[in-house]
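Hi everyone, thanks for making time. I'd like to walk you through one model today, and I'll keep it short.

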Amino acid sequence: MATQIPQKQWAQVIEKTGGEIQYKEIPVQKPGSDEVLVNIKYSGVCHTDLHAWQGDWPLPTKLPLVGGHEGAGVVVATGELVEDVKIGDHVGIKWLNGSCLACGFCQQSDEPLCPKPLLSGYTVDGTFQQYAIGKAAHVARIPKELPLDAIAPILCAGITVYKGLKESGATPGQSVAIVGAGGGLGSLALQYAKAMGLRTIAIDTGDEKRDMCTKLGAEAFVDFAKSSNVVKDVQAATSDGLGPHAVILVAVNEKPFQQAAEYVRPRGTVVCIGLPAGAYLKAPVFESVIKMVTIKGSYVGNRKDSAEAIDFYARGLIKAPFKVVGLSELKNVYAKMQKGEIAGRYVLDTSK
Ligand code: NAD
Ligand code: ZN
Ligand code: ZN
């Protein structure tokens, strides 16, 4: 079984929704029979973690809570029923920490829709700690030659946008608008889209994000804060002016969720992924009907999507920027994220 596992570890702990985040020592937990204990080396910081802390959604978190769900590390202990994950394996703890594996959704590999999910950094403690627990059936398998810092953002952001692009139905050569392209999900969406043969229009704000999006393969950039008519500008960015075939919404504000159906091309698909607090979708009925628009949601990905998203990285197709800071810096990362100042992703090094 386990060797050299400390009793205590550093973690970022929330006692109260919206309250102080405490960087402190807490006990290391033992894995249950179907679980593994992972020495988290790096954890990405997703905007979902900020929503969880702020209590933005109509689903309460556990409290006290250790957030985080983009954790990449090394297995240090396994439960007695675990056979296919070994000590020393590199794995990722994702948003979907576990699911029942027995319901109809789990049976058809739609496990994100399981009515009894365990959510990392939300309903179970997540990856903003040095040792985190994951269900063996659900941890992402990471080939040992891959760098764990770069893989961390793939574990939520990468999987989610890859799945969302598949859900959009867009095919090679078609164009996709990525709304919120300068953020963590958006920057990876630009790379996955390019690797999938899609053309992209990035929508976000500021010169830093514009430069990054262009480097990541966006053919056009629409600055939502500077544009006097986002709908017209997005349509004008497509070669025939009819708008993109699909829209991937990863923004953290409501407004773009109310514009996308207007600029998407006839028979186009709007895929909603971002989860702004208290937001509603809105679309003009007349245009949505006569353009035969599809509007849908997309929620993380299943185990196969996860393996495929990691494999895109392994094949050298995904190079999105990330900055590494210590686990102790989480509060500063949230402060930047709240102001929309992060181009790409922040990744926490749990040894600092
Ligand atoms: P982020 O903060 O890194 O990026 C959000 C980006 O949206 C920022 O660059 C911001 O400038 C941009 N933005 C804000 N208002 C905009 C507007 N009006 N038009 C265009 N862009 C705008 O956040 P992230 O970590 O990439 O997460 C994005 C969202 O996706 C969050 O709400 C998160 O909870 C959600 N999410 C959903 C899933 C899912 O499975 N559906 C998975 C992961 C994250
Ligand atoms: Zn996430
Ligand atoms: Zn289930």
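Quick housekeeping: residues are numbered from 1 along each chain as its sequence is written, and chains are lettered from A, with ligands numbered from 1, in the order in which they are written. This is a predicted model, where local features need pLDDT of at least 70, side-chain atom pairs count only at pLDDT 80 or more, and totals for chains, interfaces and linings use all residues, while side-chain values use heavy atoms, leaving out hydrogens and water.

OK, salt bridges. By that I mean a side-chain nitrogen of Lys or Arg within 4 Å of a carboxyl oxygen of Asp or Glu. How many does the structure hold? There are 18.

Take Glu 20 and Lys 331, with their closest N and O atoms 2.7 Å apart. Glu 20 sits in the loop between strands E1 and E2, Lys 331 is in helix H11, and 311 residues lie from one to the other. Helices (H or I, at least four residues) and strands (E, at least two) are DSSP runs, numbered from the N terminus. Glu 20 is exposed at 53% relative accessibility, and Lys 331 is partly exposed at 41%. The cut-offs there, with a 1.4 Å probe and protein chains only, are under 20% for buried, over 50% for exposed, and partly exposed in between.

Next up, Lys 135 pairs with Glu 35 at 3.2 Å, N to O. Lys 135 is in strand E9 and Glu 35 in strand E3, so this bridge ties together parts 100 residues apart in sequence. Buried or exposed? Lys 135 is buried, at 18%, and Glu 35 is buried too, at 15%.

Now the domains. The assignment, which is automatic or from a database, gives domain 1 as 8-156 + 301-349 and domain 2 as 158-297. Their centres, over C-alpha atoms, are 26 Å apart.

What about the contact between them? 28 residues of domain 1 touch 25 of domain 2, counting heavy atoms within 4.5 Å. Together they bury about 2,200 Å², 62% of it on carbon and sulfur atoms; that's the accessible area (1.4 Å probe) the two parts lose on being put together, summed over both.

Three salt bridges run between the two domains.
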